[in-house]
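Please keep the sequence and the structure in view while reading.

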Amino acid sequence: MTEEQPRAGGAIAALDKQPVWNRHHVLDLDDFTPSEIEAVMETTDAMMEVLGREVPRVPALRGKTVVTLFYEASTRTRVSFELAAKALGADVINIGASGSSVQKGESLYDTVRTLQAVGAQMLVMRHGSSGAPYLVARHVEMNVVNGGDGWHAHPTQGLLDIYTMRSHLGDLRGRRVVIVGDIAHSRVARSNIWGLTTLGAEVVVCAPPTLLPYGMRPNGSPLEEPLALPRVDVETDLDRAVEGADVLMALRLQLERMTSGLLPSLREYARLYQLNEERLARARPGALVMHPGPMNGGVEISPAVARSLQSAIEEQVTNGVAVRMAILYLLARGKP
């Protein structure tokens, strides 16, 4: 057996006994069932076993071509999808808006149809417009994975966050997960809210009122309109929100929002909403600290907390490769 032809065996072979995966695309977690999330978690366990081998490769996607099409900048998501596809034996093509025919005015529709015509079977895409992956999925036969669309969704980030939490806490039912930061503009927050509530976690979102989605109000305040998210606890006081938390997740403060008058200053935001040692002490002993990255150092989370023993931030990045391997594997073996 050569290094170029590693065995699939072990945990991967056992996955063939699972029920067939019926999803053709992964666009968000709002329609995932608990059993589907569990299938991703079990498959990720198998992928972690693969990544722990001396030669972290299996031929599960040999002969498949995976294209990453990113219209926005990315480090973690793009690199982890590329590593995931290569670890499964796929050929990988990376395309950015810069340097492609997009600069010549080619439409998204024409771009993805061209990629399908040259033989790509799987497409991972990130786009600045909410809903762009849904539009693409309606017009191609390829498997489409949403790598982040506008303010809307980032399903694989939600799944890797769930996997990280479960690795430390086990069953998430009844666990208090606090998400703090720019909730209004965060696709990470939305996908986490859907996934965590589906698994029975108690989700608390905490932000200044100006960074809460329109229609979302602190507990006790009536909603102005129905919100297209599950009901969660809403707090504007972080000191109160972190009481008894099992998980504390800080979101990146999108500095471009500072010019919109939504916050008085970075200093004021850090004073009221930074996840620091004092606030971490209010959570449950050993509470997990998370951040989807990239971090604004000293703003949404203090350096001491980000590097503490309770921090799982680097673990999230590591787990992201295995989770994305799981998603690609399940899509490749499922029914269209």
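What percentage of the contacts with a separation of 6 or more is accounted for by residues 24 or more positions apart? The value is 76%, where contact means heavy atoms within 4.5 Å.

## Basis and overall make-up

This is a predicted model, in which local features need pLDDT of at least 70 and side-chain atom pairs count only at pLDDT 80 or more, while totals for chains, interfaces and linings use all residues. Residues are numbered from 1 along each chain as its sequence is written, and side-chain values use heavy atoms, with hydrogens and water left out.

The protein has 12 helices and nine strands. These are DSSP runs numbered from the N terminus, with helices (H or I) of at least four residues and strands (E) of at least two. Of its 336 residues, 52% count as buried. Buried means under 20% relative accessible area, exposed means over 50%, and partly exposed lies in between (1.4 Å probe, protein chains only).

## Nonpolar cores

The largest nonpolar core holds 90 residues. Such a core is a set of buried Ala, Val, Leu, Ile, Met, Phe, Trp, Tyr and Cys residues joined through side-chain atoms within 4.5 Å. Met 165, Ile 179, Val 205 and Leu 328 touch the most other members. H12 supplies the largest share of this core, 11 residues. The core lies between domain 1 (21–153 + 319–333) and domain 2 (155–313), because both give residues to it. The domain bounds come from an automatic or database domain assignment.

Take Leu 328. Beyond its neighbours within four places in sequence, Leu 328 contacts Leu 61, Phe 81, Ala 84, Ala 85, Leu 88, Met 122 and Val 124. There is also a second, separate core of 16 residues. Val 67, Leu 115, Ala 120 and Val 140 are among them.

## H2 against H12

Helix H2 (residues 34–51) packs on helix H12 (residues 313–333) at about 115 degrees, with axes 8 Å apart. Axes are lines fitted to C-alpha atoms, for helices over the stretch in contact, and angles run from 0 to 180 degrees between N-to-C directions. The crossing of H2 and H12 is right-handed. A crossing is right-handed if the near helix is turned clockwise from the far one by less than a right angle, and left-handed if anticlockwise.

The H2 side includes Val 40, Met 47 and Leu 51. The H12 side includes Val 323, Ile 327 and Leu 330. By class, this contact has 14 nonpolar, three polar and no charged residues. Ala, Val, Leu, Ile, Met, Phe, Trp, Tyr, Cys and Pro count as nonpolar, Asp, Glu, Lys and Arg as charged, and the others, Gly among them, as polar.

## H6 against H12

Helix H6 (residues 155–169) and H12 cross at roughly 115 degrees, and their axes come within 8 Å. This crossing is right-handed. H6 contributes residues including Asp 161, Tyr 163 and His 168. Those from H12 include Glu 315, Asn 319 and Arg 324. The contact divides into five nonpolar, eight polar and three charged residues.

## Single sites

Glu 38 is found in H2. It is partly exposed, at 28% relative accessibility. Glu 38 and Tyr 163 are 125 residues apart in sequence, yet their C-alpha atoms are 9.6 Å apart.

Arg 267 sits in helix H9 (residues 266–273). Arg 267 counts as exposed because its relative accessibility is 74%.

The peptide bond from Gly 293 to Pro 294 is cis, with omega near -10 degrees. Pro 294 lies in the loop between strand E9 (288–290) and helix H11 (303–306).
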